[in-house]
Every structure is written in structure tokens, then in C-alpha cells.
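User: I have a structure open and would like to understand how it is put together. Could we go through it step by step?
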Amino acid sequence: MALWNGPNYCKLFQLMLRRDLPACILCVLICFYTNNFVRVSWCGLFSEYFLAMNGVKQGGVLSPILFCVYIDDLLVLLSNANIGCVIGNSFVGAVAYADDLVLLAPSASALRKMLAICDAYAAEYCMSFNAQKSKCLVILSNACRYLRPLLLDDVFYIGGKPIDFVSSFPHLGNIITDTLDDGPDSTKKLGNFIGQTHDVLCFFGKVSSDVKSCMFKTYCTSFYGCELWDLSARSLPTFCAKV
């Protein structure tokens with residue numbers, strides 16, 4: 001799921017107070033954010049300045065930390081509900097990265113309860129989830145694939161709006177499919193590798209071989225997420241041969 005709007009300042013400062021943040025630092029942050037005036041630029045024209053009342057500064061050094069503080073209580077609530085997926089004794093039912101939140105539920109009823117917790121938290125902390133950017137992926141074992149049409153008849157809501165079902169979805173640059181096939185992800189990363197290598201050779205063809213080698217290692221050989229690929233997948237020999 002993706003968040004629609006950012007933290008409310010009053011709620012954010014209350015959460016920081018609960019964490020016993022030193023008063024001097026909190027006062028600096030309050031001054032920093034309550035005097036945050038911005039304006040909109042569009043086609044060379046600028047709006048009047050107005051006071052921003054929510055959201056953390058995009059690109060700010062503290063912004064990721066402040067957002068983590070703001071969203072952390074939601075993750076605790078989801079964990080304490082004991083209705084999401086677990087691995088051993090570890091709760092893995094809610095995985096968050098920045099403003100992206102993944103819910104992993106073993107059943108439709110469990111997912112509805114988790115979505116209800118998210119809706120309640122969003123209402124209390126002045127947030128909203130973007131239903132248009134949220135997707136539902138049904139992953140079944142081979143023995144239970146016949147249940148897929150029945151599960152697709154279910155409707156899940158976030159923020160009062162339905163969530164679309166998809167067969168695959170890119171998350172943090174990795175393509176996840178309902179069959180857990182690594183083929184689409186490896187194909188995408190192979191295309192990125194070829195394109196980035198071409199850019200290095202095209203735009204930096206006249207630099208020394210040492211510089212090109214360094215650029216190649218830095219910009220072309222990042223296969224983030226490949227550690228999770230199934231090494232027995234049929235698509236991997238093609239990937240390895242071309243890389």
C-alpha cells in the first residue's frame with residue numbers, strides 16, 4: 001500500500017515526546033517545521049507562499065527517521081494483532097519501506113482485519129492510503145491453485161475504496177508474481193543491465209579503461225533482489241549467459 005499524504009505535525013511531535021526526545025531538540029524541530037513556507041512552481045510561474053501543515057521535507061536528512069517514528073506505532077499494532085504471517089516466532093505480516101507498506105496475510109479474513117487496523121490508524125493520525133496505488137496479490141501453492149477464481153471474487157478496501165487484484169507487481173524495483181516466478185524480474189534486470197552498459201560505452205567511450213571499468217561496476221552491476229531468486233528457475237541460464 002502507498003500513503004497519500006504525510007505526517008501531521010502535531011501528531012508527529014506527540015510521538016516524539018513519547019520517545020523522551022530532549023526538549024531542546026524537539027523545540028528546534030517544532031520551529032523548523034511550523035515555519036515551513038512553500039510555493040508551487042508550474043511552467044515558470046510561482047504561487048504565493050503558504051504554510052505547510054503536514055508532511056516531512058522531501059530530501060531532508062531527518063525526513064526518513066521522522067517518518068519511521070510516525071509509522072512505527074502502526075507496525076506495532078499490526079504485530080500485536082497476531083493475525084499476519086509469521087516465520088517461526090518472527091512476525092513478517094507487515095513490511096515497511098519509506099511510504100510503502102506490504103501486508104502479508106494467511107487468509108482473506110486476516111487481511112481484512114489488518115486493513116481495518118490501517119484504516120483506524122490513518123484516521124487517528126491524519127493519514128490516508130492511496131487505494132489506486134495499492135494492489136492485492138494472491139499467492140497459492142500448486143495444490144490450491146483451483147481456489148484462485150474464488151479468492152478473486154473477494155473485495156478488499158482501504159480508505160473506503162476497493163483494491164485492485166494483479167498477477168504481478170513491482171515492489172522496490174523487484175517484480176513479484178502470483179506464481180513466485182523469477183523470470184519477469186530477471187528479464188527486467190537483464191534489460192536494465194544492457195541499457196546501462198550501453199549508456200556507459202556511448203557517453204563515456206573516450207575515457208580510460210580504468211574509469212570505464214569503475215563506472216561499469218558502479219552503475220551497471222547492481223542486481224538488487226537477485227539473492228532471492230530460485231537458482232533452479234529456467235530463466236536464469238539465459239540471464240547468466242547474457243550477463
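Analyst: Let us begin with a term. A nonpolar core is a set of buried Ala, Val, Leu, Ile, Met, Phe, Trp, Tyr and Cys residues joined through side-chain atoms within 4.5 Å. Please also keep in mind that this is a predicted model.

User: Which residues touch the most other members in the largest nonpolar core?
Analyst: They are Met-16, Leu-74, Leu-103 and Cys-118, in a core of 35 residues. The elements that contribute two or more residues to this core are H1, H2, helix H3 (63-80), strand S9 (100-103) and helix H4 (108-124).

User: What lies apart from that core?
Analyst: Another core, of 10 residues, lies apart from it; Val-200, Cys-220, Trp-229 and Leu-236 are among its members.

User: Back to H1 and H2. At what angle do they pack?
Analyst: Helix H1 (residues 9-18) and helix H2 (residues 23-34) pack at about 170°, and their axes are 11 Å apart. An angle over 145 degrees counts as roughly antiparallel, and H1 and H2 are therefore roughly antiparallel to each other.

User: Which residues meet there?
Analyst: From H1, the residues are Tyr-9, Phe-13, Met-16 and Leu-17; from H2, they are Leu-26, Leu-29, Ile-30, Tyr-33 and Thr-34. By class, this contact has 8 nonpolar residues, 1 polar residue and no charged residues.

User: Take Thr-34, then. What does it touch?
Analyst: Leaving aside residues up to four places away in sequence, Thr-34 touches Phe-13 and Leu-51. Thr-34 lies in helix H2 and counts as partly exposed, at 37% relative accessibility. The C-alpha atoms of Thr-34 and Ala-52 are separated by 7.7 Å, and these two residues are 18 residues apart along the chain.

User: And where is Asp-20?
Analyst: Asp-20 is in the loop between H1 and H2. Its phi is positive, about 60°, although Asp-20 is not a glycine.

User: Is Asp-20 buried or exposed?
Analyst: Asp-20 has a relative accessible area of 66%. Exposed means over 50%, so Asp-20 is exposed.

User: What is the phi of Cys-43?
Analyst: The phi of Cys-43 is near 55°, which is a positive value in a residue other than glycine. Cys-43 sits in the loop between strand S3 (41-42) and strand S4 (45-46), and Cys-43 is exposed, with a relative accessible area of 69%.

User: New topic: Ser-186. Where is its place?
Analyst: Ser-186 belongs to helix H6 (residues 183-203).

User: Why does Ser-186 count as buried?
Analyst: Ser-186 counts as buried because its relative accessible area is 3%, and buried means under 20%. Not counting residues up to four places away in sequence, Ser-186 touches Trp-229, Ser-235, Leu-236 and Phe-239. Ser-186 and Cys-240 are 54 residues apart in sequence, and their C-alpha atoms are 9.7 Å apart in space.

User: Finally, the whole chain. How many helices and strands does it have?
Analyst: The chain has 8 helices and 16 strands. Of its 243 residues, 30% are buried. Among the contacts in the chain with a separation of 6 or more, 58% are between residues 24 or more positions apart.

User: What is the radius of gyration of the chain?
Analyst: The chain has 22 Å, whereas a compact globule of 243 residues would have a radius of gyration near 18 Å. The C-alpha trace spans about 55 × 55 × 40 Å along its principal axes.

Conventions:
Residues are numbered from 1 along each chain as its sequence is written. This is a predicted model: local features need pLDDT of at least 70, side-chain atom pairs count only at pLDDT 80 or more; totals for chains, interfaces and linings use all residues. Side-chain values use heavy atoms; hydrogens and water are left out. Axes are lines fitted to C-alpha atoms, for helices over the stretch in contact, and angles run from 0 to 180 degrees between N-to-C directions. Helices (H or I, at least four residues) and strands (E, at least two) are DSSP runs, numbered from the N terminus. Angles under 35 degrees count as roughly parallel, over 145 as roughly antiparallel, 65 to 115 as roughly perpendicular and the rest as oblique. Contact means heavy atoms within 4.5 Å. Ala, Val, Leu, Ile, Met, Phe, Trp, Tyr, Cys and Pro count as nonpolar, Asp, Glu, Lys and Arg as charged, and the others, Gly among them, as polar. Buried means under 20% relative accessible area, exposed over 50%, partly exposed in between (1.4 Å probe, protein chains only). The radius of gyration is taken over C-alpha atoms; the globule rule is 2.2 Å times the number of residues to the power 0.38.
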